[in-house]
Amino acid sequence: MNAGQKPNGLEAVHDYVGMWVTADGVIRQELLPNGRYDEARGHRASAYTGSYSIKGNHIDYVDDTGFTADGEFQGDVLYHGGMIFYRQK
């Protein structure tokens, strides 16, 4: 098994897995270790869901409707879709 990979052939684990939240807490985006994401907006859970891939500090999204977007990580900050997300610890 290569470093950074999970057993049983699951996707590689990376440093960006976890919850990312806007400063006001209204938008919460969880990057799951299986290459999926789940985004909540306000009181609307799972407002957007889909898959993502990461290369370096760049993230590409494809939501379940086919819409695509991207973003960039800079440390514990994610810039995506004109918004700024902070890693929730």
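1. Let's start at one spot. Setting aside neighbours within four places in sequence, H80 touches Q29, E39, Y61, A69, D70, G71 and F85. Keep in mind as you look around that this is a predicted model.

2. Where does H80 sit? You'll find it in strand β7, which covers residues 77-80. H80 counts as buried because its relative accessible area is 10%, and the cut-off for buried is under 20%.

3. Now for the overall layout. The protein has eight strands and zero helices, so if you read from the N terminus you simply get β-β-β-β-β-β-β-β.

4. Next stop is D63, which belongs to strand β5, residues 58-63. D63 has a relative accessible area of 10%, so it is buried too. Once neighbours within four places in sequence are left out, D63 is in contact with Y37, Y48, T49 and G50.

5. Take T49 from that group: D63 and T49 are separated by 14 residues in sequence, while their C-alpha atoms lie 5.6 Å apart in space.

6. Finally, some totals. The protein has 89 residues, and 26% of them are buried. Among contacts with a separation of 6 or more, 28% join residues 24 or more positions apart. The accessible surface is about 5600 Å², with carbon and sulfur atoms supplying 51% of it.

Methods
Residues numbered from 1 in each chain as written. Predicted model: local features only at pLDDT ≥ 70, side-chain atom pairs only at ≥ 80, totals over all residues. Heavy atoms only, no water. Helix = DSSP H or I, 4+ residues; strand = E, 2+ residues; numbered from the N terminus. Buried < 20%, exposed > 50% of the residue type's maximum accessible area, 1.4 Å probe, protein only. Contact = heavy atoms within 4.5 Å. Areas by Shrake-Rupley, 256 points an atom, 1.4 Å probe, with all protein chains shown as cover.
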